[in-house]
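Please keep the sequence at hand while reading.

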Amino acid sequence: MKREFPQLFWGLVALAVALLLAAFVAAQAVQQARRSGDEISVTGSARVWIVSDRASLSVTVSDTQNTAQDAYAAVQRGAAALGGFLTAQGVPEGEILRGGVQTEPVTYTVTDDAGRSVQRGAFKISRRFTVQSADLNRVQALAQNVGTLIQQGVPVSADPVQYLYTKLADVRLKLLADATRDARERAQAIAQASGSGVGAVRSARMGVFQITARNTVQADDYGSFDTASREKDVTAVVGVTFAVR
């Protein structure tokens with residue numbers, strides 16, 4: 001029994017040393033894991049619904065004639081007819097932007113008496129009128145009624161109505177704050193699942209803004225800016241890296 005006791009004692013000592021070494025290695029492994037995973041990167045987003053508060057309609061008067069004088073005279077007559085149309089529609093003078101006269105030399109091909117193709121020169125002259133108003137319904141009515149000018153022989157063409165929002169800068173600031181809070185909530189959910197917490201922001205990157213028609217899923221890598229819809233969704237995305245504690 002006396003010989004067996006030293007062997008048992010030293011065996012227990014060896015076992016204790018082995019356990020201490022194992023605990024030390026495990027602690028080092030946990031510490032190393034924490035060092036390698038001391039941050040978390042997430043994407044946060046926020047969306048808000050807006051209603052356009054301004055509308056814009058551009059109407060161009062243009063005509064092509066063999067001489068610049070004839071083309072200019074036709075455009076002047078068309079501009080006068082368009083101005084009268086806008087006045088009759090109740091558009092205030094302050095809401096009308098009159099662009100300058102644009103001249104563009106053009107060529108066209110005709111067939112002469114001998115059947116040969118001959119190029120001729122001409123001049124295209126145009127002038128753009130733009131109505132910008134907070135009265136969205138009036139601008140929409142203008143777009144629907146501009147066809148009456150064409151029926152009268154006035155050489156006009158109209159672009160689609162653009163619906164804009166003038167307080168977009170304020171919306172962007174709020175969305176960035178909301179998207180950052182969303183990113184923190186997502187990071188906290190991930191960190192809590194692994195028994196950790198979320199610390200300070202290490203870095204943040206602002207993504208693109210998406211301004212889309214209401215309740216659509218349209219998205220573009222470079223951002224989108226819808227002007228065809230009165231009601232829009234504005235979405236902001238941010239990428240945030242947090243410290244993990």
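**A strand residue and its sheet**

Thr-241 belongs to strand 9, which spans residues 231-244 (strands are DSSP runs of E of at least two residues, and helices runs of H or I of at least four, numbered from the N terminus). This is a predicted model, in which local features need pLDDT of at least 70 and side-chain atom pairs count only at pLDDT 80 or more, whereas totals for chains, interfaces and linings use all residues. Residues are numbered from 1 along each chain as its sequence is written, and side-chain values use heavy atoms, with hydrogens and water left out.

With a relative accessible area of 11%, Thr-241 is buried (under 20%, with exposed over 50% and partly exposed in between, for a 1.4 Å probe and protein chains only). Beyond its neighbours within four places in sequence, Thr-241 contacts residues including Glu-39, Ile-40, Ala-200 and Val-201 (contact means heavy atoms within 4.5 Å).

Strand 8 pairs with strand 7 (residues 198-213) in the parallel sense over 2 bridges, and Gln-210 stands opposite Ser-224 of strand 8.

A charge also meets a ring: the charged end of Arg-172 sits over the ring of Phe-209, 5.0 Å from its centre (NZ of Lys or CZ of Arg within 6 Å of the ring centre and within 35 degrees of the ring normal).

Note on methods: Two strands pair if DSSP finds at least two bridges between them.
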